[in-house]
Amino acid sequence: MADLDIQISVDDIGWPGEETLLSFCERVLGAAVVYLRDSEKQPFPAMPPEVSLVFTDDASIQDINAEWRGKDKATNVLSFPAFPVQPGKMPGPMLGDIIIARETVERETEELEKSFDDHLTHLLVHGFLHLLGYDHMNSAEAEIMEGLETRILAQLGLSDPYEGQDLKMEP
């Protein structure tokens, strides 16, 4: 992909193969880059910055969540920026890591009555925005981040994931 250097690790046998995931992620994150660059004037380095994607299971993400966030439970997605960056500012050559747990995504797709691919798309966009400095720790931040997620997902033909929900992404 010309805009990002996507590195993938698949640590759970329930996920599709690396080539399938890479193609999927290139489409999703590519759309996010194009939207952010063209509509939000987000700068990106001339050399495609690297983003690392880890597709794992609940047990692994629970261990990571406990170690790095002090929350001893599985979650759907974790993002770890390589360098601090402010929204709208130039990121460094390494954006960071996005880790996604398959079992949690599967459970949530049933609860939300969405397809696995649609929910995975949302989580990838959500995690990617975290790498670019966006957050949802308070309502003002959440409004900005969720608005971006919704507009990026619309570019991919998906509806607003927050419409009619009180359930927001976990801080």
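# Reading helices and loops in a predicted model

Guide: In α2, Asp58, Ile61 and Asn65 are buried. Keep in mind that this is a predicted model.

Visitor: Why do the buried residues of α2 line one face of the helix?

Guide: Start with the general idea. An α-helix has 3.6 residues a turn, so residues three or four places apart point the same way. Now the case here: looking down the axis of α2, the buried residues fall within an arc of 70 degrees, so they line one face. The face turned away from that buried side carries Asp63 and Glu67, which are exposed.

Visitor: Which elements do the buried residues of α2 pack against?

Guide: They pack against the strands β2 (50-56), β3 (77-81) and β4 (94-101), and against α3 (102-112).

Visitor: What span should helix α2 have, and how far apart are its end C-alpha atoms?

Guide: Count 1.5 Å a residue: the 12 residues of α2 (residues 58-69) should span 16 Å. The end C-alpha atoms are 15 Å apart, which agrees. After α2 comes Gly70, with a positive phi near 70 degrees.

Visitor: Which residues of α3 are buried, and which are exposed?

Guide: Arg102, Thr104, Val105, Glu108 and Thr109 are buried in α3. They cover an arc of only 160 degrees around the axis, which puts them on the same side of α3. Glu110 and Glu111, on the other side of α3, are exposed. As for partners, the buried residues of α3 pack against β2, α2, β4 and α4.

Visitor: How do I describe the way α3 and α4 meet?

Guide: Two packed helices are described by the angle between their axes and the distance between the axes. For α3 and helix α4 (residues 116-131), the axes come within 9 Å and cross at roughly 115 degrees. This crossing of α3 and α4 is right-handed.

Visitor: Which residues make the contact of α3 with α4?

Guide: From α3 there are Arg102, Val105, Glu106, Glu108, Thr109 and Leu112; from α4 there are Phe116, His119 and Leu123. The residues of this contact divide into 4 nonpolar, 2 polar and 3 charged.

Visitor: Take His119 from that list. Is His119 buried or exposed?

Guide: His119 lies in helix α4. The cut-off for buried is under 20% relative accessible area. His119 has 4% relative accessibility, so it counts as buried. Leaving aside neighbours within four places in sequence, His119 is in contact with Asn76, Val105, Glu108, Thr109 and Leu112.

Visitor: How many of the residues of α4 are buried?

Guide: In α4, 13 of the 16 residues are buried, so the helix is largely enclosed by the rest of the structure. From its first C-alpha to its last, α4 reaches 23 Å, close to the 22 Å expected at 1.5 Å a residue. Gly133 follows α4 and has a positive phi near 95 degrees.

Visitor: What should I make of a positive phi?

Guide: Most residues other than glycine have a negative phi. In this model, Lys41 has a positive phi of about 60 degrees although it is not a glycine. Glu113 is not a glycine either, and has a positive phi of about 55 degrees.

Visitor: Where are Lys41 and Glu113 found?

Guide: Lys41 is in the loop between α1 (18-39) and β2. Lys41 is exposed, with a relative accessible area of 63%. Glu113 is in the loop between α3 and α4. Glu113 is also exposed, with a relative accessible area of 74%.

Visitor: How do I read a residue that is neither buried nor exposed?

Guide: Asp97, found in strand β4, is a case of this kind. At 27% relative accessibility, Asp97 counts as partly exposed. Not counting residues up to four places away in sequence, Asp97 touches Ser52, Leu78, Ser79, Phe80 and Leu131.

Visitor: Where is Phe83, and what is in contact with it?

Guide: Phe83 is in the loop between β3 and β4. Phe83 is partly exposed, with a relative accessible area of 45%. Apart from its neighbours within four places in sequence, Phe83 is in contact with Pro93 and Met94. The C-alpha atoms of Phe83 and Val28 are separated by 22 Å, and the two residues are 55 residues apart along the chain.

Methods. Residues are numbered from 1 along each chain as its sequence is written. This is a predicted model: local features need pLDDT of at least 70, side-chain atom pairs count only at pLDDT 80 or more; totals for chains, interfaces and linings use all residues. Side-chain values use heavy atoms; hydrogens and water are left out. Helices (H or I, at least four residues) and strands (E, at least two) are DSSP runs, numbered from the N terminus. The expected span of a helix is 1.5 Å times one less than its number of residues. Buried means under 20% relative accessible area, exposed over 50%, partly exposed in between (1.4 Å probe, protein chains only). The arc is that of the directions from the helix axis to the C-beta atoms. Contact means heavy atoms within 4.5 Å. Axes are lines fitted to C-alpha atoms, for helices over the stretch in contact, and angles run from 0 to 180 degrees between N-to-C directions. A crossing is left-handed if the near helix is turned anticlockwise from the far one by less than a right angle, and right-handed if clockwise. Ala, Val, Leu, Ile, Met, Phe, Trp, Tyr, Cys and Pro count as nonpolar, Asp, Glu, Lys and Arg as charged, and the others, Gly among them, as polar.
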